[in-house]
Amino acid sequence: MQPLLEVKNLTKYFTVEKGLFGRPQSVVKAVDGVNFTIYPGETMGLVGESGCGKSTTGRLILRLIEPTSGEVYFKGKNIFQLPGEEMRRLRQKMQIIFQDPYASLNPRMTVGQIVGEPLRVFGLAKGSELEKKVRQLLEYVGLASYHARRYPHEFSGGQRQRVGIARALALNPDLIICDEPVSALDVSIQSQVLNLLKDLQKEFNFTYLFIAHGLNVVKHMSDRVGVMYLGQMVELGSDKDLYSEPLHPYTQALLSAVPVPDPKVKKKRIILKGDVPSPVNPPSGCRFHTRCFKCMDICRQKQPEFREVKPGHFVACHAVG
């Protein structure tokens, strides 16, 4: 099967200060050489601490921001080489659900206008046909047709996120990037939105890149999971492999923090020492070595290769044979 999306050595550096004559003083290495593929109909989870580069990776894939280097192939086309009009047409097949369901919706527009805007912009529907499609989209996400006349501030957080999902569905995309779509919602509402996304995927065969903080949320959604740390991918594997046999010490630490619903089960918690280093000045060698409980001398000197240690399971760690 041909991959729907291929990310090759994707890199994004941000200049944060400028000195005399406009010379850059410091550079934030937000994304630094990330590689992965996503196949049609699957969900790939992307997890890591705040500031590890997850959301930046998602925005680079959609070309909402331009990369420093690297390539992203969508259906075999390198999106960074596409001219303006061709990229605009391709955007119909690549959509995003944002983290904040209120900030991502225009408060001056009704829900009907928000959901129908992609159809109007691309000239796919107008008049009564547009109204009909908006009603259908609202029903798909569990809202009523009369909600089209209301404004975003009249809805709860969960309902607003459903509006954002309806907007993302409007153009019938192949790839939807879910950028922490439930992190701003109450726990009681999170499961409803996650189940909605899974139901929509079954019905329309969407492909998801699901970005989140919590491994427990990603486990519920994903077929494969990638773990990022300080701008780099440190482990990538199927959900079964990653949760049953995590190889990277960082992944092991993250999984040890996931709560278990059975009070009789006691887990050994792995507490990482120190703080996450600055992406402006990342450590030499392995970027995780300053907090790693398996650190060796080679970890301080040489950056580990992101390699396949068994079929479909990749890791960047000197301690893994």
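Modeller: Let me begin with packing. The buried residues of helix 3 pack against helix 4 (127–140) and helix 5 (157–169). Keep in mind that this is a predicted model.

Biologist: Which residues of helix 3 are called buried?

Modeller: Helix 3 spans residues 111–121, and its buried residues are Val-111, Gly-112, Ile-114, Val-115, Gly-116, Pro-118 and Leu-119. The label needs a relative accessible area under 20%. Just beyond this helix, Gly-123 takes a positive phi of about 65°.

Biologist: Which residues touch the most other members of the largest nonpolar core?

Modeller: They are Val-115, Ile-165, Leu-169, Leu-197, Tyr-208 and Phe-210, out of 56 residues in that core. Another core lies apart from it, with 30 residues, among them Leu-10, Leu-46, Leu-60 and Phe-80.

Biologist: What does Phe-210 touch, leaving aside residues up to four places away in sequence?

Modeller: Its contacts include Met-44, Leu-46, Cys-178, Leu-194, Leu-197, Val-217 and Met-221. A contact needs heavy atoms within 4.5 Å.

Biologist: What makes Glu-49 and Arg-291 a salt bridge?

Modeller: Their side chains meet at 3.2 Å, N to O. The cut-off is 4 Å, so the pair qualifies. By this rule the count comes to 12 salt bridges.

Biologist: Why does the pair tie together separate parts of the chain?

Modeller: Glu-49 sits in the loop between strand 3 (43–47) and helix 1 (54–61), and Arg-291 in the loop between helix 9 (249–256) and helix 10 (297–301), so the pair links parts 242 residues apart in sequence.

Biologist: Are the two partners buried or exposed?

Modeller: Glu-49 has 25% relative accessibility, so it counts as partly exposed. Arg-291 has 9% and is buried. The line between the two classes is drawn at 20%.

Biologist: How do you know that Asp-174 and Lys-75 form a salt bridge?

Modeller: Their closest N and O atoms are 2.5 Å apart. That falls within the 4 Å limit, so the label holds. Asp-174 lies in the loop between helix 5 and strand 7 (175–179), and Lys-75 in the loop between strand 4 (69–74) and strand 5 (77–78), so the pair ties together parts that are 99 residues apart in sequence. Asp-174 is partly exposed at 23%, and Lys-75 is partly exposed at 48%. Salt bridges that share partners also join Glu-85, Arg-88 and Arg-89 into one network.

Biologist: Where is Glu-66, and what does it touch?

Modeller: Glu-66 is in the loop between helix 1 and strand 4. It touches Lys-12, Leu-60 and Phe-80, not counting residues up to four places away in sequence. Glu-66 and Phe-80 are 14 residues apart in sequence and 7.8 Å apart in space, C-alpha to C-alpha. Glu-66 also forms a salt bridge with Arg-63, with closest N and O atoms 2.9 Å apart.

Biologist: Why is Glu-66 called partly exposed?

Modeller: Its relative accessibility is 38%. Arg-63 is buried, at 17%.

Biologist: What makes the phi of Arg-63 worth a remark?

Modeller: It is positive, about 60°, although Arg-63 is not a glycine. Most residues other than glycine have a negative phi. Arg-63 is found in the loop between helix 1 and strand 4. Asn-9 also has a positive phi, near 50°. Asn-9 lies in strand 1 (residues 5–18) and is partly exposed at 44%.

Biologist: How much space lies in the largest pocket, and which residues are closest to its centre?

Modeller: The space is about 340 Å³. Of the 16 lining residues, the closest to the centre are Arg-91, Met-94, Gln-95, Ile-96 and Phe-98. Strand 6 (94–97), helix 3 and helix 5 each supply at least two residues of the lining. By class, that lining has 11 nonpolar, two polar and three charged residues.

Biologist: How many cavities of 30 Å³ or more does the structure hold?

Modeller: One. The largest cavity has about 70 Å³ of space. Its lining includes His-248, Cys-286, His-289, Cys-292, Cys-295, Cys-299, Cys-317 and His-318. By class, the lining has eight nonpolar, three polar and one charged residues.

Technical notes
Residues numbered from 1 in each chain as written. Predicted model: local features only at pLDDT ≥ 70, side-chain atom pairs only at ≥ 80, totals over all residues. Heavy atoms only, no water. Buried < 20%, exposed > 50% of the residue type's maximum accessible area, 1.4 Å probe, protein only. Helix = DSSP H or I, 4+ residues; strand = E, 2+ residues; numbered from the N terminus. 1 Å grid on protein atoms, 1.4 Å probe; cavity = no way out; pocket = protein on both sides within 12 Å on 5 of 7 lines; lining within 4 Å. Points joined across faces, edges and corners; volume = space filled by probe spheres on them. Nonpolar A, V, L, I, M, F, W, Y, C, P; charged D, E, K, R; others polar. Core = buried A, V, L, I, M, F, W, Y, C linked by side-chain atoms within 4.5 Å.
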